[in-house]
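Okay, thanks everyone for coming.

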Amino acid sequence: MEKLKAIQFNFENCESDQIPIEYIPYFNFKNVYTNLSHRWSHEEENSHVLKTGLECDGFTMIAD
């Protein structure tokens, strides 16, 4: 299993930010699942690439 380095938050306005895992002493994610996405763009050469990510229905965490 790969070691967790950070938790990244993606917001509705398309911005994102990360918190390094050493600043999070506790976290709990509910119903984690894989998301598979594709966005076609005629300007990008690699528009055939599928992207994967993890999503969840809810979470609790403490950040210090």
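Let's start at F27, which sits in strand β3, and that strand covers residues 26-30. Keep in mind that what you see is a predicted model. F27 has a relative accessible area of 35%, so we call it partly exposed.

Now, the rings. Going by ring centres within 6.5 Å, we get three aromatic pairs. One of them is F27 with F29: the centres are 5.4 Å apart and the planes sit at 65°, so that's an edge-to-face pair. F29 also pairs up with F59, and that pair is stacked, with 5.7 Å centre to centre and 25° between the planes. What does the F29 and F59 pair tie together? F29 is in strand β3 and F59 is in strand β6, residues 58-62, so the pair ties together parts that are 30 residues apart in sequence.

How about accessibility for those two? F29 comes out at 31% relative accessibility, so partly exposed. F59 is at 42%, and so F59 counts as partly exposed too.

If you follow the ring pairs along, F9, F27, F29 and F59 are linked into a cluster.

Okay, over to the surface. Which residues form the nonpolar patch here? You've got L4, F27, F29, V32, L54 and F59, and together they have about 560 Å² of accessible area.

Last stop is M61. You'll find M61 in strand β6, and with a relative accessible area of 23% this methionine is partly exposed. Where is M61 relative to F27? In sequence they're 34 residues apart, but in space it's 4.1 Å, C-alpha to C-alpha. And what does M61 contact, once you leave aside its neighbours within four places in sequence? The list is F9, I19, I24, Y26 and F27.

Key: Residues are numbered from 1 along each chain as its sequence is written. This is a predicted model: local features need pLDDT of at least 70, side-chain atom pairs count only at pLDDT 80 or more; totals for chains, interfaces and linings use all residues. Side-chain values use heavy atoms; hydrogens and water are left out. Patches are made of residues with over 30% relative accessible area and no salt bridge: like charges are joined within 9 Å, nonpolar side chains (Val, Leu, Ile, Met, Phe, Trp, Tyr) within 5 Å. Accessible areas come from the Shrake-Rupley method with a 1.4 Å probe; for residues, only the protein chains shown count as cover. A salt bridge is a side-chain nitrogen of Lys or Arg within 4 Å of a carboxyl oxygen of Asp or Glu. Helices (H or I, at least four residues) and strands (E, at least two) are DSSP runs, numbered from the N terminus. Buried means under 20% relative accessible area, exposed over 50%, partly exposed in between (1.4 Å probe, protein chains only). Rings of Phe, Tyr and Trp (its six-membered ring) pair if their centres lie within 6.5 Å; planes under 30 degrees apart count as stacked, over 60 as edge-to-face and the rest as tilted. Contact means heavy atoms within 4.5 Å.
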